[in-house]
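Open the model in your viewer and keep the selection panel to hand. The stops below go from the whole chain to single side chains.

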Amino acid sequence: MGFEQEAFDRLVQTTWGKRSQMQREMSRGVKGEPFVVQELYIKGAMTPSQIAQAMRATTGRVSTLLAGLEKKGQIVREPDPEDRRSVHVKLTKIGEERAHKQREDMREAICWIFSQMGERRTREFIDLTDEFTTYMTLCMPGKSRPTPEQVKQAFDKANEPGSGSREQ
């Protein structure tokens, strides 16, 4: 392999070696309380087990997080009217405000970066990131590489309307 190894080394150096404060904040947002708040903001009421599954965490860890959020007045736990054994977790107004502020702060920071990059380079970056992440859904370390048909199916799915990826 030629350019591939050089590109890998540079990617590792760039993503792990130059971790900015913003990257650390973004990483923090995919775990703990920020994650729970954003998940509930996006998806609405969820059970603790659904939150645990989304976080890839134990129900014990989620229970601790929910207790903290409840104490801060950011969530409420309500019994399921159809199954009293089940509980649904919902954001309160305070929790919704926190989620909105987290999203707005991140949007402002990223939009500033895009303004520095310019429109053409930003669009190229987004397109390349979309393509790269589609490949990443297929290719796992230590696993066999996907077939050309699997790659085609993944890109077809990624380009479906409503998939969150760019539409062609």
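Helices (H or I, at least four residues) and strands (E, at least two) are DSSP runs, numbered from the N terminus. Colour by secondary structure: the elements run α-α-α-α-α-β-β-α-α-α from the N terminus on, which comes to 8 helices and 2 strands. This is a predicted model, in which local features need pLDDT of at least 70 and side-chain atom pairs count only at pLDDT 80 or more, while totals for chains, interfaces and linings use all residues. Residues are numbered from 1 along each chain as its sequence is written, and side-chain values use heavy atoms, with hydrogens and water left out.

Next, colour by accessibility. Buried means under 20% relative accessible area, exposed over 50%, and partly exposed in between (1.4 Å probe, protein chains only). Of the 168 residues, 21% count as buried. A contact means heavy atoms within 4.5 Å. Among contacts between residues at least 6 apart in sequence, 43% join residues at least 24 apart.

**Stop 1: helix α4**

Select residues 48–55, which form α4. Which residues of this helix are buried? They are Ile51, Ala52 and Met55. Looking down the axis of α4, the buried residues fall within an arc of 100°, so they line one face of the helix; the arc is that of the directions from the helix axis to the C-beta atoms. An α-helix has 3.6 residues a turn, so residues three or four places apart point the same way. Now show α3 (32–43), α5 (59–71) and β2: the buried residues of α4 pack against these elements.

Move on to arginine 56, which follows α4 and lies in the loop between α4 and α5. Its phi is near 55°, a positive value in a residue other than glycine. Most residues other than glycine have a negative phi. Arginine 56 is exposed, with a relative accessible area of 78%.

**Stop 2: the nonpolar core**

A nonpolar core is a set of buried Ala, Val, Leu, Ile, Met, Phe, Trp, Tyr and Cys residues joined through side-chain atoms within 4.5 Å. Select Val36, Leu40, Ile51, Met55, Leu66 and Ile75, which touch the most other members of the largest core, a set of 16 residues. At least two residues of this core come from each of α3, α4, α5 and β2. In soluble globular proteins, nonpolar side chains tend to be buried together.

Centre on leucine 40. What does leucine 40 contact, leaving aside its neighbours within four places in sequence? The list is Met46, Ile51, Ile75, Val89 and Leu91.

**Stop 3: aspartate 80**

Select aspartate 80, in the loop between β1 (75–79) and β2 (87–91). For charges, Lys and Arg count as positive and Asp and Glu as negative; His and the chain ends are not counted. A salt bridge is a side-chain nitrogen of Lys or Arg within 4 Å of a carboxyl oxygen of Asp or Glu. Aspartate 80 is buried yet has no salt bridge, and the nearest side chain of opposite charge, arginine 84, is 7.6 Å away. Show the backbone too: the nitrogen of glutamate 82 lies 2.8 Å from a polar atom of the aspartate 80 side chain. Not counting residues up to four places away in sequence, aspartate 80 touches Ser86, Val87 and His88.

**Stop 4: salt bridges**

Side chains of opposite charge can pair when their charged atoms come close. How many salt bridges does the structure hold? There are 11.

- Arginine 77 and glutamate 70: the closest N and O atoms are 3.1 Å apart. Arginine 77 is partly exposed at 31%, as is glutamate 70 at 35%.
- Arginine 123 and glutamate 119: the N to O distance is 2.9 Å. Both lie in helix α7 (residues 119–138), 4 residues apart, about one turn of the helix. Arginine 123 is exposed at 55%, and glutamate 119 is exposed at 56%.
- Lysine 152 and aspartate 156: the closest N and O atoms are 2.8 Å apart. Both lie in helix α8 (residues 148–158), 4 residues apart. Lysine 152 is partly exposed at 45%, and aspartate 156 is partly exposed at 42%.

Note on methods:
Polar contact = N/O pair within 3.5 Å; in protein donor to acceptor, adjacent residues only side chain to side chain.
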